[in-house]
Amino acid sequence: MGREESKEQAKAAQKEKEQAAFAKKQERKDKQWEQGTDQRGAAKSAEQAAKDAEKARQKEAKQAAEAAEGGAKPQPQRNPVMKKKCTECGKRHNPKEPC
């Protein structure tokens, strides 16, 4: 019986130790979050909001300009060339081009 009781006591002590460590860690994280928010959080979010608004305004202006010109510019067609391994030099290049 003594052995089983000591195991249970050890488990309980370990669990309490882990809970205390977790609480301490959470307290430290909360403190860091509060300090970060106080120092730079409000100013940073205001700056970010201003930047986002500016980007949105520029995007709308660009879309309006494209619509006035007759739509978006067509993208050039890409024709990918299949490169194959050359039997003479061993490098990969267009088979229609000489080594």
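Student: How many salt bridges does a search of the whole structure find?
Tutor: The search finds one salt bridge in the whole structure. Please keep in mind that this is a predicted model.

Student: Which side chains meet in the salt bridge?
Tutor: They are those of glutamate 54 and arginine 57, with 2.6 Å from N to O.

Student: And where do glutamate 54 and arginine 57 lie?
Tutor: Both belong to helix H1, which covers residues 2-69. They are three residues apart, about one turn of the helix.

Student: Let me step back. What elements does the protein have?
Tutor: There are one helix and two strands. Read from the N terminus, their order is α-β-β.

Student: How much of the protein counts as buried?
Tutor: Of its 99 residues, 4% count as buried. The accessible surface comes to about 10100 Å², and 51% of that belongs to carbon and sulfur atoms.

Student: New topic: cysteines. Where is cysteine 89?
Tutor: Cysteine 89 sits in the loop between strand S1 (84-85) and strand S2 (92-93). With a relative accessible area of 40%, cysteine 89 is partly exposed.

Student: And cysteine 86, buried or exposed?
Tutor: Cysteine 86 is buried, because its relative accessible area is 13% and the cut-off for buried is under 20%.

Student: How many disulfides does the search find?
Tutor: A search of the whole structure finds zero disulfides. The cysteine sulfur nearest to that of cysteine 89 belongs to cysteine 86 and is 3.7 Å away. Cysteine 89 is therefore in no disulfide, because a pair of cysteine sulfur atoms must be within 2.5 Å to count.

Student: What is a disulfide, in general terms?
Tutor: It is a covalent bond that links the sulfur atoms of two cysteines.

Student: One more: how are cysteine 89 and cysteine 99 placed?
Tutor: Cysteine 89 and cysteine 99 are 10 residues apart along the chain, and 7.0 Å separates their C-alpha atoms.

Terms used
Residues are numbered from 1 along each chain as its sequence is written. This is a predicted model: local features need pLDDT of at least 70, side-chain atom pairs count only at pLDDT 80 or more; totals for chains, interfaces and linings use all residues. Side-chain values use heavy atoms; hydrogens and water are left out. Helices (H or I, at least four residues) and strands (E, at least two) are DSSP runs, numbered from the N terminus. Buried means under 20% relative accessible area, exposed over 50%, partly exposed in between (1.4 Å probe, protein chains only). Accessible areas come from the Shrake-Rupley method with a 1.4 Å probe; for residues, only the protein chains shown count as cover. A salt bridge is a side-chain nitrogen of Lys or Arg within 4 Å of a carboxyl oxygen of Asp or Glu.
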